[in-house]
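Here's a quick briefing for anyone meeting this structure for the first time. Have a look at the sequence and the model, then read on for the side-chain details.

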Amino acid sequence: MPSPESLREAVSARLPRFLAELESLVNIDCGSYTPAGVNRVADAVTASLKELGATVERHAHQPAATESPLGDLVVGRLAGEGPRLLLIGHMDTVFEEGTAAQRPYRVDGELAMGPGTSDMKGGLLAGLHALAALQATGQRPNVTFVANPDEEIGSIFSTPHIRRLASDHDAALVLECARANGDIVSARKGIADLEIAFHGRAAHAGVEPEKGRSAILAAARKVATLHELNGRWPVVTVNAGVIAGGTRPNVVAERCSVQLDLRAATTAEFDQAYGEVERLVAQPAVEDVTAQLRRMAHHPPMERTPATARLAELAIAIAGELGFDLHDTATGGASDANTTSHAGLPTLDGLGPIGGDDHSVDEWLDVASVVPRTALLAALIARAGEAL
């Protein structure tokens with residue numbers, strides 16, 4: 001078993017390559033709906049996995065007529081010793097095409113800046129370089145590496161593949177970057193993206209408004225009621241983030257839609273809150289206006305199980321051997337860790353370098369954290385059996 005220090009040395013020797021690859025990936029536009037750019041990242045991941053000796057499969061997205069095309073899902077398999085570990089990162093970002101040209105990769109002191117540095121090109125590379133460091137120290141872990149093309153839109157394409165893979169593995173390590181304060185993640189809220197479609201009756205707003213049934217009025221009343229769910233449970237949040245409806249100011253709105261974000265930390269509270277949303281939507285807000293609720297995407301809660309706690313304790317112990325303090329935390333955002341945890345796998349997330357200000361123009365990755373955090377990940381892969 002390699003010592004954490006030997007893994008740190010192996011990672012450190014690869015740091016120039018890590019940073020060169022980070023610059024290359026950050027300068028690729030790879031928003032979820034930019035499949036050509038996502039596939040350029042997939043090409044780089046595929047090449048790295050093959051260099052490690054992995055058997056690589058690429059699953060092309062086959063969109064329905066109503067769907068936008070997405071990039072390929074990459075699955076690399078390394079046969080080795082020890083527990084079967086599932087490593088997951090994602091290749092897509094939230095940014096529109098042209099963003100990389102507007103603000104390309106740059107280094108400001110100890111911070112690498114640019115679209116996707118933290119979320120999550122730094123974490124994706126950490127997984128690949130951790131595996132390379134293990135090989136450099138004579139280790140051959142038993143790993144399946146998944147590079148997801150659509151995590152930022154809920155992993156709609158990737159989730160069925162990840163669920164199938166989860167059944168053949170013993171634990172999952174998810175490569176999102178560590179929180180800005182350095183914490184890794186042992187629990188995440190579940191999230192549902194919901195849409196409520198309101199259908200009323202159009203009428204002339206000045207001549208005969210009494211004949212109209214305003215879908216916008218119904219939506220406004222319903223949003224106020226739904227937001228009152230905040231605070232009913234300490235770990236549940238409800239947010240109406242998008243409202244769209246109507247055609248002209250002088251027309252009583254026949255249609256309106258609301259996009260709702262529902263989150264909860266436990267399955268029990270999520271189910272309770274979702275049931276209450278269903279009940280409230282079913283209650284008429286305006287006479288003769290109907291409302292239909294549709295779930296567009298869903299990540300179940302990632303709850304901190306005893307097995308996940310043991311993985312976190314092992315990571316904390318390894319960090320101590322590497323000379324730094326580490327803590328695990330719960331966070332409100334969802335990731336593919338929610339899927340693997342719900343499938344019954346002990347799951348730990350936030351195992352990439354330290355980063356922050358995700359999804360913003362100020363997104364950053366702490367360059368000084370790359371070596372210690374990648375060494376931590378490598379040691380955790382090598383020693384995961386101690387916690388399983």
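Arginine 103 lies over the face of phenylalanine 95, 4.8 Å from the ring centre; a charge sits over a ring if NZ of Lys or CZ of Arg is within 6 Å of the ring centre and within 35 degrees of the ring normal. Bear in mind that this is a predicted model: local features need pLDDT of at least 70, side-chain atom pairs count only at pLDDT 80 or more, and totals for chains, interfaces and linings use all residues. Residues are numbered from 1 along each chain as its sequence is written, and side-chain values use heavy atoms, with hydrogens and water left out.

**Aromatic rings**

- Searching the whole structure turns up one aromatic pair, where a pair means rings of Phe, Tyr and Trp (its six-membered ring) with centres within 6.5 Å.
- That pair is phenylalanine 270 with tyrosine 274, and it's stacked, at 6.5 Å centre to centre and 5° between the planes; planes under 30 degrees apart count as stacked, over 60 as edge-to-face and the rest as tilted.
- Phenylalanine 270 and tyrosine 274 are about one helical turn apart because they sit four residues from each other in helix H8 (residues 267-282). Helices (H or I, at least four residues) and strands (E, at least two) are DSSP runs, numbered from the N terminus.
- Phenylalanine 270 is buried at 3% relative accessibility, and tyrosine 274 is buried too, with a relative accessible area of 13%. Buried means under 20% relative accessible area, exposed over 50%, and partly exposed in between (1.4 Å probe, protein chains only).
- Tyrosine 274 also has a charge over its face: arginine 295, at 4.3 Å from the ring centre.

**Salt bridges**

- The structure holds 19 salt bridges, each being a side-chain nitrogen of Lys or Arg within 4 Å of a carboxyl oxygen of Asp or Glu.
- One of them joins the side chains of glutamate 195 and arginine 294 (3.0 Å, N to O). Glutamate 195 is in strand E10 (residues 190-199) and arginine 294 in strand E13 (residues 290-299), so this pair ties together parts 99 residues apart in sequence.
- Glutamate 195 counts as buried at 19% relative accessibility, while arginine 294 is partly exposed at 45%.
- Another salt bridge links aspartate 288 and arginine 201, with the closest N and O atoms 4.0 Å apart. Aspartate 288 is in the loop between H8 and E13 and arginine 201 in the loop between E10 and helix H7 (215-227), so the pair ties together parts 87 residues apart in sequence.
- Aspartate 288 is partly exposed, with a relative accessible area of 46%, and arginine 201 is partly exposed at 39%.
- Glutamate 208 and lysine 211 meet in a salt bridge as well (3.2 Å, N to O). Glutamate 208 is partly exposed at 31%, as is lysine 211 at 45%.

- Glutamate 152 sits in the loop between strand E6 (141-148) and helix H6 (159-166).
- Glutamate 152 does make a side-chain to side-chain polar contact with histidine 359 (3.3 Å). A polar contact is a pair of N or O atoms within 3.5 Å; within protein, one must be able to donate a hydrogen and the other to accept it, and residues adjacent in sequence count only if both atoms are side-chain atoms.
- Leaving out residues up to four places away in sequence, glutamate 152 touches residues including Ser32, His90 and Asp119; contact means heavy atoms within 4.5 Å.

- The peptide bond from aspartate 119 to methionine 120 is cis, with omega near 0°, and methionine 120 lies in helix H5 (residues 117-136).
- Serine 155 isn't a glycine, yet has a positive phi of about 55°. Serine 155 is in the loop between E6 and H6 and is buried, with a relative accessible area of 0%.
- Histidine 359 has a positive phi too, near 70°. Histidine 359 is in the loop between strand E16 (352-356) and strand E17 (364-366) and is partly exposed at 43% relative accessibility.
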